[in-house]
Amino acid sequence: MTHDTLLSSKITQARTVHGTSPSEYLVPFKSIGDLLIQQAVRYREKPWLIFYDDTGSREQYTYRQFSELVHKTANFLISQSLRRGDRIATVAYNHADTVIQYFAAWLVGAVVVPINAGEDDKRIAFILENSETKLAFVRQEYMQRMQGIVAEQSLAGRITLVSVATKGSAGMDDRHLDFHINVGFQDSTMELQPESSHEDEALIVYTSGTTGLPKGVVLTHYNLLVDAKAISEWHALTPDQRMMCVLPIHHVNGTVVTLVTPMYYGGSVVLNQKFHSGKFFQRAAEERVQIVSVVPTLLQFLLAENIDPGNFDLSTFRHIICGAGPLTCELALAFEDHFHIPIMHGYGLSETTCYSCFLPVELTREQHRQWLKDFGFPSIGVPVGPNEMTIHDDSGTELAEGVKGEIVIRGHNVMKEYYKNPQANETTFAHGWFRSGDEGFYKLDDKGRKFFFITGRIKELIIRGGTNISPFEIDEVLMNMPGVSAGLAVGFENDWYGEEVGAYVRLTGGASLTEADVLKYCRKYFSFQKSPKVVVFGKDIPVTSTGKYQRNKLKPLFAEWKKTQFKENKT
């Protein structure tokens with residue numbers, strides 16, 4: 001067996017679930033374009049997309065109206081010689097225009113490359129070149145910057161830039177195509193639908209690592225459809241139910257959970273340009289929303305706003321989906337106690353399309369609270385149907401209940417590959433499973449189901465003197481300390497132990513804690529070896545666009561203690 005054949009075999013194993021091969025499809029649609037066409041016929045005048053811009057202006061699109069705009073945009077793409085398999089980038093914030101562009105690309109068989117405008121120029125240039133993007137839809141606010149990136153990287157002539165302005169805004173020029181003007185000329189029907197396949201590529205999402213160049217995660221139409229099916233079924237979503245999107249749609253959470261999923265089950269979605277804690281519950285109440293997907297940081301913002309939930313009619317609000325970042329037991333329970341809205345904690349990665357597991361929605365309140373608080377970490381739940389999960393050691397051997405190791409996943413929602421990155425593919429699929437890079441363990445319930453827990457990124461583990469220390473455990477204690485609004489354990493380089501443990505702490509308003517106060521508090525819970533030795537106080541914590549804390553970016557703040565040997569004071 002050749003090297004390439006062996007790797008292909010391992011990837012196929014990693015895309016198989018309970019013996020069902022990745023070519024035995026579990027959804028009735030061949031592509032997202034096929035899904036759109038069928039749902040537009042079925043739900044013709046039903047509201048599909050409701051969009052609020054940052055001024056509070058509201059736009060509504062029925063399934064028919066949305067489908068017509070998608071077809072017009074698809075015809076525009078065809079007029080620009082875009083075809084099946086071509087890459088189309090979007091440089092935008094959350095907007096109805098961007099959703100239309102996504103579905104239009106999928107309708108013609110093109111591949112969407114969502115770009116976070118918050119990335120630096122070097123990374124954006126790399127994404128454009130690595131993905132072989134041919135056309136980019138660019139919000140007008142970013143057009144000058146994008147023109148500079150394209151010119152500087154010698155991409156001019158290889159990428160067509162299409163300006164996307166707010167309707168009716170001034171300032172157009174003739175140096176580039178205008179989205180609304182050009183789409184307006186197009187027909188709202190397509191005489192011949194392009195052929196489509198479950199295995200056509202739909203998305204290339206670039207990971208937002210803290211170091212090195214991002215990796216392009218290649219997801220197929222089937223990946224998106226089967227994960228949307230799993231999310232719909234797990235949360236018992238029906239056509240009369242409405243979701244709300246407050247997360248950026250350049251990320252799989254925003255795209256899969258609150259765009260593809262509502263289209264899959266025939267519901268509606270309320271898309272917000274940005275998250276605003278002061279408007280969150282008001283909008284959810286006014287729009288009669290059932291479910292919203294968030295990240296833990298947003299729960300913290302909502303709690304800090306000191307909102308009285310009794311001011312809103314939240315009778316339709318069923319629960320919150322929460323993942324894509326470390327959730328502490330303390331935050332989860334505080335949120336539920338204050339707002340009386342259950343958190344369905346879950347877990348997944350771009351490489352597994354989005355969600356791979358959730359807490360079961362049918363748990364009793366007592367069981368739900370047990371899995372959130374009794375094991376030191378809130379459980380990320382039980383695997384969804386299209387995938388399996390377990391815990392491996394470094395050699396790919398499965399570990400027993402309660403033993404920490406690497407979370408691994410295999411199933412139909414596992415990505416096709418990392419784009420043009422054979423080394424990363426070899427490492428990631430080494431044992432015929434997708435290796436997440438996250439450390440965790442599982443516990444069995446009385447039905448024999450595996451409830452999983454995540455204890456930290458393996459690359460973020462603090463290795464002090466050869467001992468692995470999970471930063472999440474220390475985070476949990478710091479977050480529980482009175483006067484602390486946010487606290488992160490940070491492993492920093494140290495000449496004596498390789499790494500030492502530091503704490504980065506943001507205080508609540510009015511708190512006046514000292515370093516000694518924080519160190520003493522931590523020592524009540526941890527041995528000297530595991531406890532922080534240094535505390536750095538600050539106001540800002542770097543986060544990704546989806547709200548994940550970027551712990552490793554705090555390491556330079558501890559550089560002055562590199563040569564320090566910290567000794568325990570026995571007294």
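Let's start with a crossing: helices α3 and α4 cross in a right-handed way. Keep in mind as you look around that this is a predicted model.

**Two pairs of packed helices**

Two packed helices are described by the angle between their axes and the distance between the axes. For α3 (residues 63-79) and α4 (residues 96-108), that angle is about 60° and the axes are 8 Å apart. That makes α3 oblique to α4. So who touches whom here? On the α3 side, the residues taking part are F66, L69, V70, H71, T73, A74, L77 and I78, and they meet V99, I100, F103, A104, A105, L107 and V108 of α4.

Now hop along to the next pair, α5 and α6 (residues 140-152). Their axes come within 10 Å and cross at roughly 65°. That makes α5 roughly perpendicular to α6, because angles of 65 to 115 degrees are put in that class. The crossing of α5 and α6 is right-handed. At this meeting place, α5 brings D121, I124, A125 and L128, while α6 brings R145, M146 and I149.

**Two residues tucked inside**

Stay with α5 for a moment. This helix spans residues 121-131, and N130 is part of it. Is N130 buried or exposed? With a relative accessibility of 12%, N130 counts as buried, since the cut-off for buried is under 20%. Which residues does N130 touch, if you skip its neighbours within four places in sequence? They are Y206, Y419 and K420.

H95 is another one to find. Look in the loop between β3 (87-91) and α4. H95 has a relative accessible area of 8%, and that makes it buried. Skipping its neighbours within four places in sequence again, H95 is in contact with F51, R139, I249 and L271.

Next, go to α16, which covers residues 515-523. Its buried residues are V518, L519, Y521 and C522. They cover an arc of only 160° around the axis, so they end up on the same side of α16. What do you find on the face turned away from that buried side? There sit the exposed residues A516 and K520. As for the buried residues of α16, they pack against α15 (471-480), β25 (498-507) and β26 (534-537).

**Salt bridges**

How many salt bridges does the structure hold? The count is 34. Here are three of them, with the distance taken from N to O.

| Salt bridge | Distance (N to O) |
|---|---|
| D54 and K274 | 3.8 Å |
| R242 and E287 | 3.1 Å |
| K373 and D374 | 2.9 Å |

Let's take them in turn. D54 and K274 meet through their side chains. This pair links distant parts of the chain, 220 residues apart: D54 is in the loop between β1 (47-52) and β2 (58-62), and K274 is in the loop between β11 (268-272) and α10 (277-286). How accessible are the two partners? D54 counts as partly exposed, at 28% relative accessibility. K274 is partly exposed too, with a relative accessible area of 45%.

The side chains of R242 and E287 form another bridge. This pair also links distant parts of the chain, 45 residues apart, with R242 in strand β10 (residues 242-245) and E287 in the loop between α10 and β12 (291-294). Both ends are tucked away: R242 is buried, with a relative accessible area of 17%, and E287 counts as buried at 5% relative accessibility.

Then there is the bridge between K373 and D374. K373 is partly exposed, at 41% relative accessibility, and D374 is partly exposed as well, with a relative accessible area of 43%. Salt bridges can also share partners, and in this structure such bridges join R44, E45, R64 and E68 into one network.

Definitions and conventions:
Residues are numbered from 1 along each chain as its sequence is written. This is a predicted model: local features need pLDDT of at least 70, side-chain atom pairs count only at pLDDT 80 or more; totals for chains, interfaces and linings use all residues. Side-chain values use heavy atoms; hydrogens and water are left out. Buried means under 20% relative accessible area, exposed over 50%, partly exposed in between (1.4 Å probe, protein chains only). Helices (H or I, at least four residues) and strands (E, at least two) are DSSP runs, numbered from the N terminus. The arc is that of the directions from the helix axis to the C-beta atoms. Contact means heavy atoms within 4.5 Å. A salt bridge is a side-chain nitrogen of Lys or Arg within 4 Å of a carboxyl oxygen of Asp or Glu. Axes are lines fitted to C-alpha atoms, for helices over the stretch in contact, and angles run from 0 to 180 degrees between N-to-C directions. Angles under 35 degrees count as roughly parallel, over 145 as roughly antiparallel, 65 to 115 as roughly perpendicular and the rest as oblique. A crossing is left-handed if the near helix is turned anticlockwise from the far one by less than a right angle, and right-handed if clockwise.
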